[in-house]
Amino acid sequence: MARTITYQQAINEALAQEMERDPTVVLFGEDVSGGMGSPGEEDAWGGVLGVTKGLYPRFPDRVLDTPISESAYIGAAAGAAAAGLRPVAELMFVDFLGVCFDQIFNQAAKFRYMFGGNARTPIVIRTMWGAGIRAASQHSQALHPIFTHIPGLKVVAPSTPYDAKGLLIQAIRDDDPVIFLEHKVLYGTEGEVPEEQYTIPFGEANFVREGDDVTIVALGRMALVAQQAAAELDGEGISCEIIDPRTTSPLDLDSILESVASTGHLIVVDEANPRCGFAADIVAQVAQAAFGDLKAAPRMVTPPHSPVPFSPVLEDAYVPSPDQIAAAVREVSGAARARPA
Amino acid sequence: MSAVETPASSELTRDELLDAYRVMRTIREFEERVHLEFATGEIPGFVHLYAGEEAIAAGVCLLLRDDDYVASTHRGHGHAIAKGCDVKGMMAEIYGKKTGLCHGKGGSMHIADLSRGMLGANGIVGGGPPLACGVGLNARVRQSDQVAVSFTGDGGSNQGTFLESLNLAAAWHLPVVFVIENNGYAESTSPNFHQAGVDLIKRGEGCGLPGISVDGFDFFAVREVASEAIARARAGGGATLIECKASRYFGHFEGDQQTYRAPGEVEELRRTRDCLLAFAGRVTSAGAIDPGELEAIDEQTRALIDEAVAEAKAAPEPDPSDVGTDVYVSY
Amino acid sequence: MSGEILKLGMPKWGLSMTEGHLLAWLVDEGTEVAVGDEVADVETDKLNGSVESPVAGVLRRRVASPGDLIPVGGLLAVVADPDVADADIDAFVAEFQASFVPGESEEDAGPAPENVRVPAGTLRYLRQGEAGEPVVLLHGFGGDLNNWLFVAPALAADHVVYALELPGHGGSSKDVGAGDLESLVNAVQQFLDALELERVHLVGHSLGGLVAASLALRSPGRARSLTLVASAGLGEEINGEYLDRFISAGSRRELKPALELLFADSGQVTRQLVDDVLKYKRIDGVDAALRSIADQIFGGGQQHVLIGDRLAELEIPVLVVWGAEDRILPAEHARRVPESADVHVLDGSGHSPHMEASGDVNRLMQLTLESKEISS
């Protein structure tokens, strides 16, 4: 039975249900319980934004607060996985990637390959991403392009509570290293989520909206922002098809190509910075595979090549907006109409 | 059958002594041969040879079970052999052949065999200690008495990951034995310069871990302290830091001219400090082992290495289509 | 009724519909319409259907135009007597459009599914209708209560209608035990007992038909009538390949061609429909449950329980409806019932006449539901 819960609750539920089902699933990270060793309350935080609250009391032997030493405990996750556990390690903010990237991209991602197929590293690294809460440059980034670039990693970025629960359960059951990106602005959003456990396979995009004129590829929070633009454009008679890839690695390119074959127009809107980014990746792949289907040049809608600013006015200008997306759509469809037949 | 006169905690039987000698001799012959073969240009990439430090690998690893794990360094052949990895598979891997332990996908710096608890040589200095903590965590959660051993060089002991791992192992009370193989050079730089000449054991103490420093050329000394540390970890007593002081005969990597070493330094070490000579001398003079037995092992080992090299050279290359295999379990 | 101006609004088909595209009008302005007449073709993101007029009168004004996207509850047309002034109709339309809030119409405030705990597990069902004899609708293999979205509202005018989800399906528990026919029949019987429904009109589609018939045969006192829509249990043949493909499909690409077999017109299978079925199949335990049921009841791609002959034992009205182009269960099975049964094979319909030709199915069912008891 499905009922309405938040993105955050959906993640908590996925963790609780999988830990219940499988005794090899362990959860650790900074303050995932909170208060360990301290004189006050146990499970004081349940994660800095409360996402993992209630898990320590239920599974006291398998939920651990870590010292602030990402390279040690993310590396420990990789070692524990190689030895037979299914660790879910939390990297509090994806921006902290720098202090533990070796353990992710040189160790965990590469064990199976380097060891000739004789290793499995079933880790999940859960981490918060995205701009919008005025947390400034070092707590607001979108780094999925960096992870997507690394062979051996799988990269997941849900945009709805339904997707979050199903993809996280899939991630925990998956035998490869998975980077599970939780958009911090989406934690409070609500949606229908089944009580039962269910999975969503990686490499399957979600058609958020069907349309005939323009294909918009949008990941994470941008899937919701694109919907706002599409609603506005509907009134102008432009029908947008919005595709949320849900996972960037593996990527459901087929669905994007299917859509572009029908609409002939492509916009990719993404929160990551533009150089060597996700938007560039999608546009290049589509151009390579389906150049003949495009009736106009594809457009990328991204933030500028700058860090995330602090001041609200600046941050709002940084993150792609519905207006920017709508403008790109008009440009792309206008360009096509302007061309001689 | 009398045991050799050694400190009580490391009484070994004759078979154990012979086994230890065989392991050390195998490592030595393996490395000496790779040194020669590498010079012909046939071995691709980088190799980092362990010759000189055999007593450390043997002293520690022969105490471990298959389900105990070792996280090694770029200088990992010795740990791999001592942990029971197949010598011929290792040689083929170094040659990049399909029959290698890692099917040619890893090479010297990534030799691994998880079925033997060999979590891999590691191309990243400091890559190993966090992995060992992970194995320790695994043992804790599953309530098993498995132990993890992390080898690090004096150079690696400055890496953030190493220091963080000491702290994590202490904070989480993990069954890990951290072994620093202090061979006097972090690549080319002496500890006098790269770590202010400090007593490394104090780093463990600073994190609340017991620690001890031993002569890394002395198999029996290494074994004794390792035995105590491993027993402590197995019994739930937490982690230990061991420093083994030894030296490597070859360069940081093959091709390193070692001009940073004093003239005659290596020759002197081979003559006066060699761990195999010391071991042999000790067990034969105590009357426990006949010199002939050791010579027989020497011959058998050289024959094994000869075979390994011959087979590795003759083995098939991987198929180009193997480039894309085993990136994921499923994609 | 004279002087009254009546709204013909966008209906809510199923639980999640929020809006529909008007594709075409089927009647002109000025046409007299009766309750149940099909007046317009509408497409939603899940499926296509025809709007049946909920009111009688003259279709005075077609407010929406083909191509318009109208929210559920929005104004499609106005029905009134011929002597009502145009100006009054204009005013009605203007006032409606000014005050209409999508999402708050009475169509939107539909019933919500409920759960009941029985020994077989938790069963989910949707109840519609305020009064009248109870009707229980049983979906087919892999289906759910939404399959009745065109039928239940029509029947609910005069009956209390229960669309029940079998174990392993929809929102009911996914543990099907042995997965055999008896356990499914038990579950339905337990449902009737739990809701204190003594005697009901039983309606079943495909596997649901076999369950309904088996229940009627086992406990004749519980059935007031029996309607079999493209039902299992009447012949050995079944499209076993369809069952295998439905169960094993893990992606849109694999599932779509399987679902297309359920309809005469493959265009009925929208992306949204496929996604909804995938969401169901991805719940833990569903594929295993479906496999159990398929192996137990349709093992080896054959039907093993045949009840056609035994239907003669029943002393209640029996209606059999089939689509002539059924690719799952041959239409010819419809004839393998007693002569006393009322049999209709509909041209242009596949395995799902209750979705493909709901107007016809509703009309036929009304007759059966209304018919007198054969013996009291």
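Two strands pair if DSSP finds at least two bridges between them. Strands and helices here are DSSP runs, numbered from the N terminus, with at least two residues (E) for a strand and at least four (H or I) for a helix. This is a predicted model, where local features need pLDDT of at least 70, side-chain atom pairs count only at pLDDT 80 or more, and totals for chains, interfaces and linings use all residues. Residues are numbered from 1 along each chain as its sequence is written, while chains are lettered from A and ligands numbered from 1 in the order in which they are written.

**The mixed sheet of chain C**

- Eight strands of chain C form an open sheet with mixed pairing, in the order S9-S10-S12-S11-S13-S14-S15-S16.
- Its edge strands are S9 (114–118) and S16 (342–346), each pairing on one side only.
- From one strand to the next, the twist averages 20°.
- Inside this sheet, S11 (residues 134–138) and S13 (residues 200–205) of chain C pair in the parallel sense over four bridges.
- One such pairing links Leu138(C) to its bridge partner Gly204(C) in S13(C).
- Helix H4 (residues 207–218) of chain C lies across S11, S13 and S14 (223–229), at about 145° to S13(C).
- Such angles run from 0 to 180 degrees between N-to-C directions, and the axes are lines fitted to C-alpha atoms, for helices over the stretch in contact.

- A residue is buried if 20 or more other C-beta atoms lie within 10 Å of its own, exposed if 12 or fewer, and partly exposed in between; the C-beta atoms are placed from the backbone.
- Leu145(C) sits in the loop between S11 and helix H2 (152–155) of chain C.
- Leu145(C) counts as buried because it has 24 C-beta neighbours inside 10 Å.
- Two residues are in contact if their C-beta atoms, placed from the backbone, lie within 7 Å.
- Val42(C) belongs to strand S4 (residues 38–43) of chain C.
- Val42(C) is buried, with 23 other C-beta atoms within 10 Å.
- Beyond four places in sequence, the contacts of Val42(C) include Gly20(C), Leu22(C) and Val51(C).

**The parallel sheet of chain B**

- Five strands of chain B make an open sheet with parallel pairing, in the order S1-S2-S3-S5-S4.
- Strand S1 (69–71) and strand S4 (211–215) stand at the edges with a single partner strand each, so one side of each has no neighbour in the sheet.
- S3 (residues 176–182) and S5 (residues 240–245) of chain B run parallel and are joined by six bridges.
- Val177(B) has Thr240(B) as its bridge partner in S5(B).
- Helix H9 (residues 219–234) of chain B lies across S3, S4 and S5, at about 170° to S5(B).

**A buried strand in chain A**

- Five of the five residues of S11 (residues 240–244) of chain A are buried, so this strand is largely enclosed by the rest of the structure.
- In a regular strand the side chains alternate between the two faces of the sheet.
- Cys240(A), Ile242(A) and Asp244(A) point one way from S11(A), and Glu241(A) and Ile243(A) point the other way.
- S9 (residues 206–209) of chain A runs antiparallel to S11(A), joined by three bridges.
- S10 (residues 214–218) of chain A runs parallel to S11(A), joined by four bridges.
- Ile243(A) is the bridge partner of Phe207(A) and also of Val217(A).

**The nonpolar core**

- A nonpolar core is a set of buried Ala, Val, Leu, Ile, Met, Phe, Trp, Tyr and Cys residues joined through C-beta atoms within 7 Å.
- The largest one has 320 residues, and those touching the most other members include Val329(A), Val177(B) and Leu137(C).
- Leaving aside neighbours within four places in sequence, Val329(A) is in contact with residues including Val214(A), Cys240(A) and Ile267(A).

**Where the chains meet**

- Of the two pairs of chains in contact, chains A and B share the most contacts.
- That contact takes 37 residues from chain A and 37 residues from chain B.
- H3(A) gives the most to the side of chain A that touches chain B, with ten residues.
- This side of chain A has 18 nonpolar, twelve polar and seven charged residues.
- Here Ala, Val, Leu, Ile, Met, Phe, Trp, Tyr, Cys and Pro count as nonpolar, Asp, Glu, Lys and Arg as charged, and the others, Gly among them, as polar.
- The contact between chains C and A takes eleven residues from chain C and twelve residues from chain A.
- On the chain C side, one residue is nonpolar, four are polar and six are charged.
- Chains B and C have no contact, and their closest C-alpha atoms lie 14 Å apart.
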